[in-house]
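The notes follow in the order in which I checked things.

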Amino acid sequence: MTIRRLLIALPILFVGWIATLAVVMRAGGEAPAAFVPFPPASLIANLPADVAVTGRSPISLTLRSGGADLTAQIYDAGAWLVLPAGLEACIPNFLREGA
């Protein structure tokens, strides 16, 4: 019975964590960059000129801007979900130092 509860709880925990990150980012949370999972094909073309693509994969984009309200600009360009990226606590120190 414990395994079954864990298998039910883990996806709920994951969705709750992603939702919390998205709400905080939308509400004006500060992050050095933004992560967009599964971006629409037209997203890059619709981005303002001051938004730079700093990372790209077949399933995600990482964006950065020196301007204000990066999150709103990305949603306006067509993203369906914007999450914080580049936060200090997200990457352990030993990975940042190249060890």
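I took buried to mean under 20% relative accessible area, with a 1.4 Å probe and protein chains only, and helices (H or I, at least four residues) and strands (E, at least two) as DSSP runs numbered from the N terminus. The model is predicted, with local features needing pLDDT of at least 70, side-chain atom pairs counting only at pLDDT 80 or more, and totals for chains, interfaces and linings using all residues. Residues are numbered from 1 along each chain as its sequence is written, and side-chain values use heavy atoms, leaving out hydrogens and water.

I listed the buried residues of H3 as Leu-70, Thr-71, Gln-73, Ile-74, Tyr-75 and Ala-77. Their cover includes helix H1 (2-26), strand S1 (33-37), helix H2 (43-46), strand S2 (51-57) and strand S3 (60-65), where a contact means heavy atoms within 4.5 Å. Just after H3, I noted Gly-78 with a positive phi of about 120 degrees.

**Helix H1**

I then turned to H1, in which the buried residues are Ile-18, Ala-22 and Met-25, and these pack against S1, H3 and strand S4 (83-85). Gly-28 follows H1 and has a positive phi, near 110 degrees.

**Whole protein**

I recorded 4 helices and 4 strands, in the pattern α-β-α-β-β-α-β-α along the sequence. Of the 99 residues, 27% count as buried.

Terms used. Buried < 20%, exposed > 50% of the residue type's maximum accessible area, 1.4 Å probe, protein only.
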